[in-house]
Amino acid sequence: MWDGPFYRVRRDGYEICFVPGAGEDLDEVCNVDMWVIRDDRDRWSGTVFTLDEVHRIMDRQRQASDPEGDYWWCWDGLIVRDAGVQSMVKVIDGLVAAGEHETVLRHIGPEEIA
């Protein structure tokens, strides 16, 4: 469901909060910041990229003669095969079910409630 600039997917025990670009088609999302927020308000953040998006980023950097055109890294990046929020949700659900979100994503602590 949309909540201002956020697209939230509610699950049993947690929610996934995405920040797609304004007007971006959710089925075409290929580079998006996100959080997993557990019911106890503890949070993990990451940026989800598709393989194709990583390739585009590297090509753009190579054309600009940036050294990163020969490699790519991102501290809290998660690379997925398929574009779209629903495809990303499936991957993240699997990570949470296995407890791997705590390794793959960056722990940012509890959400402050105003």
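Q: Where is tyrosine 71 found?
A: This is a predicted model. In it, tyrosine 71 is found in the loop between helix H1 (51-63) and strand S6 (77-80).

Q: Why is tyrosine 71 called partly exposed?
A: Its relative accessible area is 39%. Buried means under 20% and exposed over 50%, so a value in between counts as partly exposed.

Q: Which residues make the nonpolar surface patch?
A: Tyr71, Trp73 and Trp75 make a patch of about 450 Å².

Q: How do you know that cysteine 30 is in no disulfide?
A: A disulfide needs two cysteine sulfur atoms within 2.5 Å. By this rule the count comes to zero. For cysteine 30, the nearest cysteine sulfur, that of cysteine 74, is 14 Å away.

Q: Is cysteine 30 buried or exposed?
A: Cysteine 30 is buried, because its relative accessible area is 15% and the cut-off is under 20%. Cysteine 74, at 28%, is partly exposed.

Q: What makes tryptophan 2 and tyrosine 7 an edge-to-face pair?
A: The structure holds three aromatic pairs. In this one, the ring centres are 5.4 Å apart and the planes are at 70°. Pairing needs centres within 6.5 Å, and planes over 60 degrees apart count as edge-to-face. So the pair is edge-to-face.

Q: Why is the pair of phenylalanine 49 and tryptophan 72 said to tie together parts of the structure?
A: The ring centres are 4.8 Å apart, with planes at 80°, so this pair is edge-to-face. Phenylalanine 49 lies in strand S5 (residues 42-50) and tryptophan 72 in the loop between H1 and S6, so the pair ties together parts 23 residues apart in sequence.

Notes. Residues numbered from 1 in each chain as written. Predicted model: local features only at pLDDT ≥ 70, side-chain atom pairs only at ≥ 80, totals over all residues. Heavy atoms only, no water. Patch = residues over 30% accessible without salt bridge, like charges linked within 9 Å, V, L, I, M, F, W, Y side chains within 5 Å. Areas by Shrake-Rupley, 256 points an atom, 1.4 Å probe, with all protein chains shown as cover. Salt bridge = Lys/Arg side-chain N within 4 Å of Asp/Glu carboxyl O. Helix = DSSP H or I, 4+ residues; strand = E, 2+ residues; numbered from the N terminus. Buried < 20%, exposed > 50% of the residue type's maximum accessible area, 1.4 Å probe, protein only. Phe/Tyr/Trp six-rings, centres within 6.5 Å; stacked < 30°, edge-to-face > 60°.
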